[in-house]
Amino acid sequence: MWTILYMIAPLLGVALSISWYRSKYYKSKYYKITELKFLKVVLNKGNYGEYSITKYLEKMGLGDRLLVNMYVPKDDGTFTEVDVAFIHNTGIYVLESKNYGGTIYGDHKRKNWIQYMGGKKFTFYSPTRQNYGHIKGLEEYLKDVSEDMFKSWIIFSERCNLKPIKNLPSNVKVIKRSELRRELKYEIKQTRDMWDDSVSEELYNKLIPLCKVSEDVKKEHIENVKSKMKQ
């Protein structure tokens, strides 16, 4: 009997841990906005990276005006998808999540960045350029908010070895997820308010509907992205 208990105890511990984590997830702002099932988040690197970022933001008290998976309509009829953003009196923070491993090299002036992993070299589109496109889409959509009111943050996984990124503009940060809390606290403390709470709330109310688009819009966006990659 004791042998059986010793065998079962670790499994019970794992089951209880998963149950607790699952319960916590369904109380999160990320779930309330995306309505994604628990397994679809923990088994998907991209979704899990976004969720991990929003957990940090909620712990910092920045979850009230949190935005996730925004599909921002553009004048040409297409959309740009924003991973995570939040509205603050010091600006609109636009966060691009990169849940990558390996060693990362980047240069803001170059179209592609480099990832070394498992002895192989891979390239991927510059996330600072990608996020700049997101910000231009938001600027175009909001109309009365200028580019200098946006802050571009690229957040990489703790699993990667992130090398210093070259030629970064002053309003762009590229950091690891573990640095997010410290860097955000410093940024908010050092930045003057651009507007008051009423304007922050107004901006949030304009953008939150973009997190609740139809599946048809999402599919159309994926097809447009695939088409551009083939060009």
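Good morning. Because this is a predicted model, local features need pLDDT of at least 70 and side-chain atom pairs count only at pLDDT 80 or more, while totals for chains, interfaces and linings use all residues. Residues are numbered from 1 along each chain as its sequence is written, and side-chain values use heavy atoms, with hydrogens and water left out.

I begin with the overall picture. The protein has eight helices and nine strands. Both kinds of element are DSSP runs, numbered from the N terminus: helices are H or I runs of at least four residues, and strands are E runs of at least two. Of its 231 residues, 44% count as buried. Here buried means under 20% relative accessible area, exposed means over 50%, and partly exposed lies in between, with a 1.4 Å probe and protein chains only. Among contacts between residues at least 6 apart in sequence, 58% join residues at least 24 apart; a contact means heavy atoms within 4.5 Å.

I turn now to pairs of helices. Two packed helices are described by the angle between their axes and the distance between the axes. Axes are lines fitted to C-alpha atoms, for helices over the stretch in contact, and angles run from 0 to 180 degrees between N-to-C directions.

Consider helix H4, residues 45–59, and helix H6, residues 180–190: their axes come within 10 Å and cross at roughly 50 degrees. H4 and H6 are therefore oblique to each other. On this scale, angles under 35 degrees are roughly parallel, those over 145 roughly antiparallel, those from 65 to 115 roughly perpendicular, and the rest oblique. The crossing of H4 and H6 is right-handed, a term used if the near helix is turned clockwise from the far one by less than a right angle, with anticlockwise giving left-handed.

Which residues meet at the contact of H4 and H6? From H4 come Ile53, Tyr56, Leu57 and Lys59, and from H6 come Leu180, Arg181 and Leu184. Sorted by class, this contact has five nonpolar, no polar and two charged residues. Ala, Val, Leu, Ile, Met, Phe, Trp, Tyr, Cys and Pro count as nonpolar, Asp, Glu, Lys and Arg as charged, and the others, Gly among them, as polar.

An α-helix has 3.6 residues a turn, so residues three or four places apart point the same way.

Next is helix H7, residues 197–207, where Ser200, Leu203, Tyr204 and Leu207 are buried. Seen down the axis of H7, these residues fall within an arc of 100 degrees, so they line one face of the helix. They pack against helix H2 (29–34), strand S1 (66–73), S2, S3 and helix H5 (127–142).

How do H5 and H7 cross? Their axes come within 11 Å and cross at roughly 105 degrees. That makes H5 roughly perpendicular to H7. Leu138, Tyr141 and Leu142 of H5 make this contact with Leu203, Lys206 and Leu207 of H7. By class, it has five nonpolar, no polar and one charged residues.

Two strand residues deserve mention. Val84 is in strand S2 and counts as buried, at 0% relative accessibility. Not counting residues up to four places away in sequence, Val84 touches Glu50, Ile53, Thr54, Leu57, Leu66, Leu67, Tyr93, Val94 and Leu95. The C-alpha atoms of Val84 and Thr54 are separated by 7.6 Å, although the two are 30 residues apart along the chain. Ser97, in strand S3, is also buried, at 9% relative accessibility. With that exclusion again, Ser97 touches Gly49, Glu50, Ile53, Asp83 and Ile155.

I close with the backbone. Most residues other than glycine have a negative phi. Glu35, however, has a positive phi of about 60 degrees; Glu35 lies in the loop between H2 and helix H3 (38–42) and is exposed, at 54% relative accessibility. Asn167 also has a positive phi of about 60 degrees. Asn167 sits in the loop between strand S8 (160–162) and S9 and is partly exposed, with a relative accessible area of 41%.

Conventions
The arc is that of the directions from the helix axis to the C-beta atoms.
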